[in-house]
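Hello,

The structure we talked about is below. My notes on it follow.

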Amino acid sequence: MQNNRFYVTVFLWTVVTFAVTCVAYAGHLEPFKAAPVPKNNPQTPEKIELGKKLFFDRRLSGDGTMSCASCHIPELAYTDGQDISLSYPTTKNWRNAQTLMNVAFFKNLFHDGRVKTLEDQALFPMMSAFEMNQNLDFLEEEIRQVPEYQEAFKQVFGGEPTRERIAMAIAAFERTLISVNAPYDRFVKGDNSALTEDARKGYVIFTGKGKCAVCHAGVTFSDDKFYALNIPENPVLLNDPRVTATMRFVAKVYHYNDYRNLKEDPGRYLITKDKRDWKAFRTPTLREVARTGPYMHNGVLATLDDVIDFFNRGGGKGNRFLKPLGLNEEEKKLLKTFLVEALTGEELKITYPEVP
Amino acid sequence: MAAGPVVKKIMDAYKGKVRLVIKNYPYKYRDYAHIAAEASLAAADQGKYWEMHDLLLKNSPKLDRMSLITYAKELGLDLKEFTAAIDNKKYAARIEKDLKLAVDMDLYSTPTYFINGRKVIGNRPYEYLKKIIDEELKNAKQ
């Protein structure tokens with residue numbers, strides 16, 4: 001009897017270990033599927049159009065110079081192509097502007113995951129002193145003075161413009177920014193010819209020796225989780241007093257007591273105050289990755305080659321998650337070919353709105 | 001990273017191949033941005049644009065009239081001429097014209113570059129602009 005129990009236990013552990021191994025190394029890669037839409041903010045064409053207008057409207061910034069599109073430029077896969085994002089005039093940002101492509105799939109938003117929905121996310125940059133620097137009470141009154149907006153909000157929401165409805169409309173527009181029909185999607189559905197031989201070899205490295213799919217999984221190629229990879233700081237964080245000021249301001253807002261002496265980006269720690277989250281950032285999507293550089297939360301890695309080298313070295317000094325991969329030059333090249341070739345979707349055409 | 005050193009490096013590296021046109025975009029919510037832009041053009045009149053540009057950035061936000069005159073003196077400019085230019089708003093209309101052009105083109109960020117029509121917003125490292133310039137020079141030769 002004792003022996004039987006022993007064997008059963010061993011067997012179960014083997015199954016569990018095997019399952020974990022599959023998740024870890026094969027990844028849960030998925031082809032494209034429809035983006036989730038929250039029940040309390042259903043998509044309608046009118047709402048999406050209103051959100052698009054607001055997305056491009058400079059009224060959303062305090063001095064009328066910045067719109068959402070200032071840092072999320074459609075032609076640059078909704079990034080701004082900078083290492084550190086553009087900022088409100090006379091100030092400096094401290095982190096990289098992420099792509100909005102496929103943002104609808106994420107449950108943790110911003111590099112540090114401080115909010116869970118696009119509706120909550122949209123208001124943050126508007127209020128941020130170093131992004132759009134707008135006062136939301138003032139913004140509501142400004143928007144209410146525009147007859148076209150009054151009419152559109154009435155039609156879409158059955159009422160007046162409010163900050164919540166502004167955010168809901170912008171979120172609806174952002175849920176349309178989807179990278180579709182990438183060669184990878186055709187490949188994973190069985191069309192072997194969708195990828196070149198080199199890209200297919202790169203795929204094998206991506207899911208195998210490169211261990212990329214451990215975290216870059218799912219439909220977005222991101223597990224939506226946080227890891228402290230000890231990414232080097234962008235030198236401007238301490239070299240440019242305006243960037244330092246921004247870092248310390250954010251730390252102060254998040255009640256980090258020693259903010260005046262802060263010399264590095266604490267990442268998700270600012271949100272959770274959990275030591276394990278010190279310098280942790282969310283896994284970014286890899287869809288459209290060829291178009292979304294510079295890379296990492298602070299844009300410190302300029303090219304995909306730099307990124308692959310970083311992971312091949314085993315990540316940043318002292319990190320607990322990564323080990324050197326031992327990829328040779330040829331393997332690094334094949335991996336890059338997969339990233340560039342397989343994950344770039346059809347061009348998302350946009351008609352610029354007429355902002356009232 | 002400021003735009004000036006990168007632009008100067010480009011102009012050194014591409015002597016005779018690249019023409020630089022600078023348009024002014026003094027930020028509307030800064031008290032001395034406009035007069036500082038005027039001072040840079042007044043200095044340009046005396047062949048010291050970049051020297052004044054560098055001093056303005058170094059000493060910003062101390063850019064009131066008296067400070068500007070001090071910088072002009074530091075650069076050895078003809079003070080009478082310089083002071084007259086900023087007091088008489090010699091370059092104000094030109095700067096207003098630049099501002100109108102920016103608004104008409106829906107441009108609000110500084111620096112914004114146009115390299116043979118290709119728009120680049122925000123500060124960029126030398127290598128980033130070099131790549132575009134090399135492509136444009138290649139296109140121009142074809």
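**Chain A: contacts and overall form**

Take the contacts in chain A between residues at least 6 apart in sequence: 67% of them join residues at least 24 apart. Two residues are in contact if their C-beta atoms, placed from the backbone, lie within 7 Å.

Some housekeeping. This is a predicted model: local features need pLDDT of at least 70, side-chain atom pairs count only at pLDDT 80 or more, and totals for chains, interfaces and linings use all residues. Residues are numbered from 1 along each chain as its sequence is written, while chains are lettered from A and ligands numbered from 1 in the order in which they are written.

Chain A has 14 helices and 2 strands. Both are DSSP runs, numbered from the N terminus: helices are H or I with at least four residues, strands are E with at least two. The C-alpha trace of chain A spans about 75 × 50 × 50 Å along its principal axes.

**Chain B against chain A**

In this interface, 7 residues of chain B contact 9 residues of chain A. The chain B side divides into 4 nonpolar, 2 polar and 1 charged. Nonpolar covers Ala, Val, Leu, Ile, Met, Phe, Trp, Tyr, Cys and Pro; charged covers Asp, Glu, Lys and Arg; the others, Gly among them, are polar.

**Chain B: domains**

Chain B is divided into domain 1 (1-24 + 107-142) and domain 2 (26-106). The bounds come from an automatic or database domain assignment. The C-alpha centres of the two domains of chain B lie 22 Å apart. Across the boundary, 6 residues of domain 1 of chain B contact 12 residues of domain 2 of chain B. The domain 1 side has 2 nonpolar, 2 polar and 2 charged residues.

**Chain B: helix α2**

Helix α2(B) is mostly covered, with 10 of its 13 residues buried. Among them are B:H34, B:I35 and B:E38. The cover includes α3 (49-59), α4 (65-74), α5 (79-87) and α6 (92-104) of chain B. Just after α2(B), B:G47 takes a positive phi of about 75°.

Best regards

Note on methods. Buried ≥ 20, exposed ≤ 12 C-beta atoms within 10 Å, placed from the backbone.
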